[in-house]
Structure formats: structure tokens, C-alpha cells
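Colleague: I would like to learn how to read a model like this one, feature by feature. Could we go through it together?

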Amino acid sequence: MDIKAILDEIKAELPQTTRLVAVSKFHPASAIQEAYDAGQRIFGESKVQELEEKHDILPQDIEWHFIGHLQTNKVKYIAPYISMIHAVDSFKLLAEINKQAAKAGRVIPCLLEIHVAKEETKYGFTPDECMDMLNSENWKELTNVSICGIMGMATNTDDENMIEQEFSTLASFFENLKSTVFRNDDSFRELSMGMSEDYHLAIKHGSTLVRIGSKIFGIRNY
Ligand SMILES: *Cc1c(COP(=O)(O)O)cnc(C)c1O
């Protein structure tokens with residue numbers, strides 16, 4: 001199948017409230033252009049340098065989402081144009097995004113990365129750590145970032161019950177924040193979860209942004 005046929009197939013499966021982030025990391029600009037020509041506008045990348053090169057040569061109305069771990073010293077490169085940063089995992093990173101967004105005269109939409117999977121990783125807040133950060137209220141002074149929701153990943157496993165449990169945990173935490181900390185903030189509305197192997201389950205649990213790569217573009221070499 002070509003890229004357009006796969007995109008059509010995926011879009012037909014998504015509820016109206018769920019948007020597709022086509023994860024194009026490690027794939028060439030030509031593949032992105034093909035998806036763009038088929039109507040896709042939101043693309044996800046996870047390396048700053050790679051994103052920079054693609055942003056320079058591809059259509060300027062692409063909405064670039066940064067989905068990987070972002071180092072604070074690299075925020076400045078993407079701040080002028082990035083549409084959303086999915087994996088904010090510390091207050092320090094949020095503060096740096098705020099600083100660079102202010103320099104660029106922008107407000108940058110951000111998602112807080114919540115760690116629920118069984119895999120060991122140094123990235124992401126636990127729900128408790130996230131609550132502590134939000135309760136400290138320092139983030140309210142960061143007027144050049146907009147916290148638009150949360151992002152998470154399920155464990156890489158064949159156990160669908162486990163995946164569903166993790167998505168359900170993410171969804172409950174999202175609803176909890178929406179009805180408490182963000183109850184007066186309409187921009188808090190994104191639940192970013194679901195990848196090629198598990199997006200059907202993510203949709204079932206209310207995902208508003210699915211991040212799909214290999215299903216669209218094929219296997220990556222990395
Ligand atoms: C690579 C990546 C994806 C896409 O994964 P696929 O399995 O290729 O769909 C989604 N989210 C994040 C954070 C990623 O790094």
C-alpha cells in the first residue's frame with residue numbers, strides 16, 4: 001500500500017475528536033512530502049537536528065510536533081515554529097520553553113509526559129510528581145507556554161489487558177486534572193497516546209492525538 005492509502009485507512013478509523021500525528025522520524029523528506037500531498041499536515045519528530053533540516057525544506061504550513069525527549073539546550077532552535085511539544089518531563093524544561101517562546105513572541109502548546117509503563121525510563125513524571133509540580137503553582141507564571149494536556153506511552157507488550165490498564169490510568173489522570181487544576185482552562189484538552197501497535201486501544205480510552213509512525217512510513221532503520 002502507498003502512504004496515501006494507509007493514511008486514508010487510519011483516518012477512517014479515527015473518531016472526529018482524534019487527530020493523527022504522522023511520526024516521520026528517521027524517514028526522508030520525500031516520504032513526508034508524499035503524506036503532505038495526501039493531505040496530512042501534522043508530523044511528529046524526535047530529534048532537533050533532523051527536525052531543523054526537514055523544517056527548512058518542507059512546506060511551511062506543516063504543523064511540527066516534537067514528540068521525543070527534548071534537551072533544554074536545544075529548545076531555542078525549534079521555539080520559533082514548533083506547534084506542540086509532547087514530552088515535557090520537568091519544570092526546568094517547561095521554564096526553558098517559556099523563556100524561548102517569549103523570545104520568539106509566541107505561546108507554545110505543551111503536554112506533560114506521564115510515565116505509567118512498566119519499562120524503566122528516566123523520562124516522564126509519575127502522576128504524583130506531576131501533581132506536586134502543578135500544586136507548586138510556579139508554572140502559572142510561565143505565560144508563554146500553554147499546558148494543553150498530557151502524553152504517555154504504554155508498555156511495549158502483547159498483553160492487551162496491560163496496555164488497556166495503562167491507557168485507562170492515563171485517561172483517569174487526564175480527567176482528574178481537567179476537573180481540578182485546569183477546570184477553568186479550555187485549552188487543557190489533549191490526551192496524546194497510541195502508536196502503530198496500540199492506537200486502537202488508545203482511541204477506546206479517549207485519545208485525542210495518536211502518534212503513528214511505522215504503520216504509515218514503514219520500518220525505521222535506527
Ligand atoms: C517513534 C515514536 C512513536 C511512533 O511509533 P510507531 O510505533 O512507529 O508508530 C510515537 N511516539 C513516540 C514518543 C515515539 O518516539
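**Reading the model feature by feature**

Modeller: Let us begin with serine 196, which counts as buried because its relative accessibility is 15%; buried means under 20% relative accessible area, exposed over 50% and partly exposed in between, with a 1.4 Å probe and protein chains only. Before we go on, note that this is a predicted model, in which local features need pLDDT of at least 70, side-chain atom pairs count only at pLDDT 80 or more, and totals for chains, interfaces and linings use all residues. Residues are numbered from 1 along each chain as its sequence is written, and side-chain values use heavy atoms, with hydrogens and water left out.

Colleague: Where does serine 196 lie, and which residues is serine 196 in contact with, leaving aside its neighbours within four places in sequence?

Modeller: Contact means heavy atoms within 4.5 Å. Serine 196 lies in the loop between strand 7 (190-192) and helix 8 (199-204); helices (H or I, at least four residues) and strands (E, at least two) are DSSP runs, numbered from the N terminus. Once neighbours within four places in sequence are set aside, serine 196 touches Arg211, Ile212, Gly213, Ser214 and Lys215.

Colleague: Which side chain does serine 196 join by a polar contact?

Modeller: A polar contact is a pair of N or O atoms within 3.5 Å; within protein, one must be able to donate a hydrogen and the other to accept it, and residues adjacent in sequence count only if both atoms are side-chain atoms. Here the side chains of serine 196 and serine 214 are joined at 3.4 Å. A polar atom of the serine 196 side chain also lies 3.0 Å from the backbone nitrogen of lysine 215.

Colleague: Now helices. Which residues of helix 2 are buried, and why are they on the same side of helix 2?

Modeller: Helix 2 covers residues 29-37, and its buried residues are Ala29, Ala31, Ile32, Ala35 and Tyr36. They sit on the same side of helix 2 because they cover an arc of only 160° around the axis, the arc being that of the directions from the helix axis to the C-beta atoms. The face turned away from the buried side carries the exposed residues Ser30 and Asp37.

Colleague: What covers the buried residues of helix 2?

Modeller: The cover includes helix 1 (3-13), strand 2 (42-45), helix 3 (48-57), strand 3 (63-66) and helix 9 (214-217). After helix 2 comes glycine 39, with a positive phi near 105°.

Colleague: And the loops on either side of helix 2? Where is glutamine 40 found, and where is the place of histidine 27?

Modeller: Glutamine 40 is in the loop between helix 2 and strand 2, and counts as buried at 5% relative accessibility. A polar atom of the glutamine 40 side chain lies 2.9 Å from the backbone oxygen of leucine 20, and the backbone oxygen of isoleucine 42 lies 2.8 Å from a polar atom of that side chain. Histidine 27 is in the loop between strand 1 (19-23) and helix 2. At 8% relative accessibility, histidine 27 counts as buried; leaving aside neighbours within four places in sequence, its contacts are Glu50, Lys54, Phe217, Gly218, Ile219 and Arg220.

Colleague: Let us turn to sheets. In which sense do strand 4 and strand 5 pair?

Modeller: Two strands pair if DSSP finds at least two bridges between them. Strand 4 and strand 5 (residues 108-113) pair in the parallel sense over 2 bridges, with cysteine 110 in strand 5 as the bridge partner of isoleucine 85. Strand 3 and strand 4 are also paired in the parallel sense, over 2 bridges, and methionine 84 in strand 4 is the bridge partner of histidine 65. In strand 4 (residues 84-88), 5 of 5 residues are buried.

Colleague: Finally, which residues of the largest nonpolar core touch the most other members?

Modeller: In soluble globular proteins, nonpolar side chains tend to be buried together. A nonpolar core is a set of buried Ala, Val, Leu, Ile, Met, Phe, Trp, Tyr and Cys residues joined through side-chain atoms within 4.5 Å. Of the 67 residues in the largest core here, Ile85, Ile150 and Ile216 touch the most other members. Helix 7 (residues 160-179) gives the largest share of this core, 7 residues. A second, separate core has 10 residues, among them Val21, Val23, Ile67 and Ala87.
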